Amino acid sequence: MSSSAPRRPLDRERVLTAAAALADEVGLEATSMRRVADALGVTAMALYKHVANREELIDAMLDRLVVSIDVPADGLPWEEALRTRIRSARAVMDAHPWAQAAIETRTAASPAVLAYMDSLMAIMFDGGLSADLVHHAMHALSTRMWGITRDVLPTPAVPEDPRLRARAMSEFAGAYPAIVRMATTAPHAGAACDDDAEFAFALDLLIDGFARLHARGWSSPR
């Protein structure tokens, strides 16, 4: 008579947990239905009882992250509530690098995604901002509302050879002196750049800007 414990039945929650763990390990693109099934020790067909296809799987994985974003405490000024909600989103998404690709590849907003966006708008409406300003603020926040950003251009590669590197840097300084001045004299520039600090800096600029526009009764040009 076997003494091994019975295997836990497969359910949607187990599928999503396994898929998220796999995506954490190998990235979203490599997270296929077959690989999730292999991680669970089942056939790929067994997954289709719980998720219709890979797109639904990714939607559900993302929804689990979105609903885990912290809700700000009651009574906070709207600026601080908005900042807190978005910084929590950044912490959640940063813990799962595949989340950015999931957000950027979704073709439709799920109820969980819509509820999160609605909560940001509600925070601003509760602060007295007009629908006009809230509309523009959401556009300005763009992907930052999810705690993510993307650099516009990559940093040029520097040659490994010291002589070639010195020559390349000299030529670069001659062609782009402002870039070199910033990179060599600004604190925390270059390799020491703090992504979280840069995100917070941009978010503060945006929210402070929204507040100033609201204070002066701004409306968009007609």
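A salt bridge is a side-chain nitrogen of Lys or Arg within 4 Å of a carboxyl oxygen of Asp or Glu. By this rule the structure holds 11 salt bridges. The model is a predicted one, in which local features need pLDDT of at least 70 and side-chain atom pairs count only at pLDDT 80 or more, while totals for chains, interfaces and linings use all residues. Residues are numbered from 1 along each chain as its sequence is written, and side-chain values use heavy atoms, with hydrogens and water left out.

**Stop 1: a pair within helix 9**

Select Arg-167 and Glu-171, which form a salt bridge with their closest N and O atoms 3.6 Å apart. Because they are 4 residues apart in helix 9, about one helical turn separates them; helices are DSSP runs (H or I, at least four residues), numbered from the N terminus. Arg-167 and Glu-171 are both exposed, where exposed means over 50% relative accessible area, buried under 20% and partly exposed in between (1.4 Å probe, protein chains only).

**Stop 2**

Next, select Arg-87 and Asp-204, whose side chains meet in a salt bridge (3.9 Å, N to O). Arg-87 belongs to helix 5 (residues 78–94) and Asp-204 to helix 11, so the pair ties together parts that are 117 residues apart in sequence. Arg-87 is partly exposed, at 38% relative accessibility, and Asp-204 is partly exposed at 24%.

**Stop 3: the aromatic pairs**

The structure holds 2 aromatic pairs. Rings of Phe, Tyr and Trp (its six-membered ring) pair if their centres lie within 6.5 Å; planes under 30 degrees apart count as stacked, over 60 as edge-to-face and the rest as tilted. Select Tyr-116 and Trp-146, a tilted pair at 4.7 Å centre to centre with 35° between the planes. Tyr-116 sits in helix 7 (residues 111–126), whereas Trp-146 is in the loop between helix 8 (131–141) and helix 9 (162–175), 30 residues apart. Both residues are buried. Then select Phe-172 and Tyr-176, which form a tilted pair at 4.8 Å centre to centre, with 55° between the planes. Phe-172 is partly exposed, with a relative accessible area of 23%, and Tyr-176 is partly exposed at 44%.

**Stop 4: helix 10**

Finally, select Val-180 in helix 10 (residues 177–185). Val-180 counts as buried, at 16% relative accessibility. Its C-alpha atom is separated by 8.7 Å from that of Met-169, 11 residues apart along the chain.

Conventions. Helix = DSSP H or I, 4+ residues; strand = E, 2+ residues; numbered from the N terminus.
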